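Visitor: Please show me how to read a few features of a model.

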Amino acid sequence: MRDLHEDFEHIFRSQFPVLCNVAFNIIKNQKASEDIVQDIFLRLWKNKDRLDEVDNYKAYLYRSTTNAAIDYLKRNKNVITLNQREITTGVPEADQNVREQELTRTIDKALASLPPKCRAIFVLSRHEGMKYREIAEYLEISVKTVENQVGIALSKLRESLRPYLTKEFTEASEQPRRAGL
Amino acid sequence: MNAEIIAGYLSGNITEEERALVDAWREKDDNETLFNECREVWELLAKDRESILPDTDLAWKKISESIKTPQLKKKETRSFYRLAAAACIMVPVLIYFLLFHKPAGEVVKPAQIAEHTTPAFTEIYTTDSLAQFYLPDSSRVLLNKGSRLTYPEKFGPDSRYACLTGEAFFEIKPDAARPFFVEAGESMIKVLGTSFNVNHRSGADVELTVVTGTVEFSTSTIPGKPKLVIVEGRKANLKNREVSTGKHDKSQKEWWQERKKNRFKRFLGKIKKIFRKTS
């Protein structure tokens, strides 16, 4: 039996980095990610008396973080956030050729162009490796919604990235279908 | 065939049947090309994933400033259940005012304080909430609802003492020179340093559960009855002036084991699970 304050610190220290990364991959802004997660913990502490209503703390934290990230995206629709890589390195990485860099930037931009909720769900699936059922449970939405959103993400992203795909695909899709091929 | 199903396939989120359907679809016409396009996009997107290393120490500093309240000092042992304790009338009472067989929840009138020779006592009682507080030797007590604990303001050089009505969990600081005695109803529990739970609710029945360490359990008013030694993992019951011992029942033991595991669960559990069976 220990001080609640100590327990809270333990949870904070173990979950803070994880949650910051989830938020970061959705909104691509490190300072904002940390602020978001700080707020969530602050709220958690303020509502500690009502914590008996929470059955799954991980789901609670993921849900809060994801929703806050979605809200952030909605509020900052017109803000273009420089990709983290650009901020930290400033100089293009030596071992990456120009095409690679351009590709990376395009990928980042393509993801940034997804609708907020779609982007968040996609990030949880692709980057966090969460199963659809897990995502649905944590965010309290239906599995159908998750399936739908990831599908939308895939089509939109395919559109944006088409020029960058392996040549044979772009050629094949541009030319009319020829019988016998 | 649509992007949804292909995405499900690529992310490993579809059933065996659906998988077979997709594989069959791929064999037809030019579908494999389309499929590979999707797969390449899927692979490319992994490049977007980044890791950041936030300054957790700094973040903790910031947040702990915001959550600190005046009465919460780190070293000192105040809990935020102090509200419950503070709400109680903390008036030194003479020990004979404690009527062990009173039903829980009855209001105790503050005693007239004799100024001269009587030792000063502290009494903590709870009604609707839990109280956590520390005894003069820094032993920790978690007092359940509708309970009362009385103890001297200062412990003597030979022993430490507290008197309980209701239910409390004790975490006693080891002190070989000063054994700790808890009197609950007609039982007397002697400890050196350990953690245990005492449940003295209805009438004269007392239940002692030992979590860590060893305690001695005896009945104070029945002469000749031997002192029992209760060890970790066992409990003792005083019922109808008969003492019986046994193992922890499963649910309690599970809870004690849980506390060693997931700290967060304890954090939540403190509100919900603690003493639920008796509230």
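Visitor: Where is B:S138 placed?

Guide: B:S138 is in the loop between β2 (131–134) and β3 (140–143) of chain B, strands being DSSP runs of E with at least two residues and helices runs of H or I with at least four, numbered from the N terminus. This is a predicted model, where local features need pLDDT of at least 70, side-chain atom pairs count only at pLDDT 80 or more, and totals for chains, interfaces and linings use all residues. Residues are numbered from 1 along each chain as its sequence is written, and side-chain values use heavy atoms, without hydrogens and water.

Visitor: What is the phi of B:S138?

Guide: Most residues other than glycine have a negative phi. For B:S138, phi is positive, near 75°. B:S138 counts as partly exposed, at 33% relative accessibility (buried is under 20% relative accessible area, exposed over 50%, partly exposed in between, with a 1.4 Å probe and protein chains only).

Visitor: Is A:K28 buried or exposed?

Guide: A:K28 counts as buried, because its relative accessibility is 7%. A:K28 lies in the loop between α1 (4–27) and α2 (30–46) of chain A. Its phi is positive too, about 55°, although A:K28 is not a glycine.

Visitor: How are two packed helices described?

Guide: By the angle between their axes and the distance between the axes. In chain B, helix α1 (residues 3–11) and helix α3 (residues 31–45) pack at about 55°, with axes 10 Å apart. Axes are lines fitted to C-alpha atoms, for helices over the stretch in contact, and angles run from 0 to 180 degrees between N-to-C directions. Contact means heavy atoms within 4.5 Å.

Note on methods: Chains are lettered from A and ligands numbered from 1 in the order in which they are written.
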